[in-house]
Amino acid sequence: MEKFLETLKAGFVSHAYIFLGPDERVEKQAKLLARTVNCENVELSPCGFCDNCRKILNGIHPDVMEISAEGASIKIDQVRNLIQSFAEKPLEASRKVYIIHEAHKMTPEAQNALLKTLEEPASQSTAVLLTDNLKLLLSTVISRCQVLDFSSASRMNPLCVETRQKIAGMVLEMAKNPEIDPGSMARQIAEFGEEPEQVLDFLSSLYRDILAVKTKSRVSAINADLSDVIYRCATHITEKSAVKALGSVFYQARAVKSRGNQNLIWYNLLIELQEVV
Ligand SMILES: [Zn+2]
């Protein structure tokens, strides 16, 4: 998370995020994002005492909007209202932030309505979709967002180039050959000796990139250096499978804390991936 805040402070703010995790936790992170990008004290951001910070903390900032389900779902009209104000300039903040609670409760129509905005975003707006259930979001929506997992204390440290290439190669092998032995692959991953959280972070970014290719999204790849392997994976994996694979990776990321045996983590994950891709 610290690294993510550093990225925001440096001005690299994406136009759309999915924050994955329990609503209360991801809501806090979304508000933290809103304060970090709008804080008036650059050195201290988010300072917590400037006008922007205070209004966001009190839930009364005119440029930070939140929507949540009315009844069982988030309806298309709610999303349309949101989209309308997307294009308008912020009143007080430098960037508008839209927080969609339980984004998986958007009806498919509502998600489709949001899609165009995610594809052609206003430069001064950022949408943050909060969810703990990625599988209920359209793959086209997921592929246009940067997905950050707050469900476990996942770290964002990058793996070395060689390990990334090897893991990407394994994902490709698995996509090409459904008969492959998950046991031997699990041992190979364990032998890298990397932190499971880092490997899972990387795997989720990889499947997100594959999904972006599948849905012809114009958002930039997270693993641009691996675009060759990503494109080859995309020819073997369906859009639906990529979403399911992403779900499996996140599921294992949550389970990772409670399990001691690394081999078992990788074995379970690979078995699941084998079923979905
Ligand atoms: Zn501030």
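This is a predicted model: local features need pLDDT of at least 70, side-chain atom pairs count only at pLDDT 80 or more; totals for chains, interfaces and linings use all residues.

1. The assignment gives residues 2-149 to domain 1 and residues 161-276 to domain 2. Where the two touch, 11 residues come from domain 1 and 15 residues from domain 2. On the side of domain 1 that touches domain 2, helix H6 (139-143) and strand E5 are the elements that give two or more residues, and H6 gives the most, with 4 residues.

2. Please look next at the sheet, in which 5 strands are arranged in the order E2-E3-E4-E1-E5, with parallel pairing, and which is open. Strand E2 (64-67) and strand E5 (146-149) stand at the edges with a single partner strand each, so one side of each has no neighbour in the sheet. From one strand to the next the twist averages 20°. In general, the strands of a sheet pair through backbone hydrogen bonds, in either a parallel or an antiparallel way.

3. The pairing of E2 with E3 can be followed in more detail, as these two strands are joined in the parallel sense over 4 bridges. Methionine 65, for instance, has tyrosine 98 in E3 as its bridge partner. Helix H2 (residues 23-38) packs on the sheet, where it touches strand E1 (16-20), E2, E3 and strand E4 (125-131), and the direction of H2 makes about 170° with that of E4.

4. How many residues of E3 are buried? The count is 5 of the 5, so E3 is largely enclosed by the rest of the structure. In a regular strand, side chains alternate between the two faces of the sheet. For E3, Lys96, Tyr98 and Ile100 are on one side and Val97 and Ile99 on the other, and with all of them buried both faces of the strand are covered.

5. As background, an α-helix has 3.6 residues a turn, so residues three or four places apart point the same way.

6. Helix H11 (residues 239-255) can be checked in a similar manner, for its 17 residues should span 24 Å at 1.5 Å a residue, and the end C-alpha atoms are 25 Å apart, which agrees. Among the buried residues of H11 are Ser241, Val243, Leu246, Val249 and Phe250. The buried residues of H11 pack against E1, H6, E5, H9 and H12.

7. Is alanine 242 buried or exposed? It counts as buried, because 28 C-beta neighbours lie inside 10 Å and the cut-off for a buried residue is 20 or more. Leaving aside neighbours within four places in sequence, alanine 242 is in contact with Ser139, Tyr207, Ile210, Leu211, Lys214 and Ile237. By contrast, the C-alpha atoms of alanine 242 and leucine 57, which are 185 residues apart along the chain, are separated by 37 Å.

8. Two backbone angles deserve a careful look. Most residues other than glycine have a negative phi. Glutamate 102, however, has a positive phi near 45°, and this residue lies in the loop between strand E3 (96-100) and helix H5 (108-119). Lysine 216 also has a positive phi, near 50°, and is placed in the loop between helix H9 (196-214) and helix H10 (227-236). As for their surroundings, glutamate 102 counts as partly exposed because it has 19 C-beta neighbours inside 10 Å, whereas lysine 216 has 8 such neighbours and so counts as exposed.

Definitions and conventions. Residues are numbered from 1 along each chain as its sequence is written. A residue is buried if 20 or more other C-beta atoms lie within 10 Å of its own, exposed if 12 or fewer, and partly exposed in between; C-beta atoms are placed from the backbone. Two strands pair if DSSP finds at least two bridges between them. Axes are lines fitted to C-alpha atoms, for helices over the stretch in contact, and angles run from 0 to 180 degrees between N-to-C directions. Two residues are in contact if their C-beta atoms, placed from the backbone, lie within 7 Å. Domain bounds come from an automatic or database domain assignment. The expected span of a helix is 1.5 Å times one less than its number of residues.
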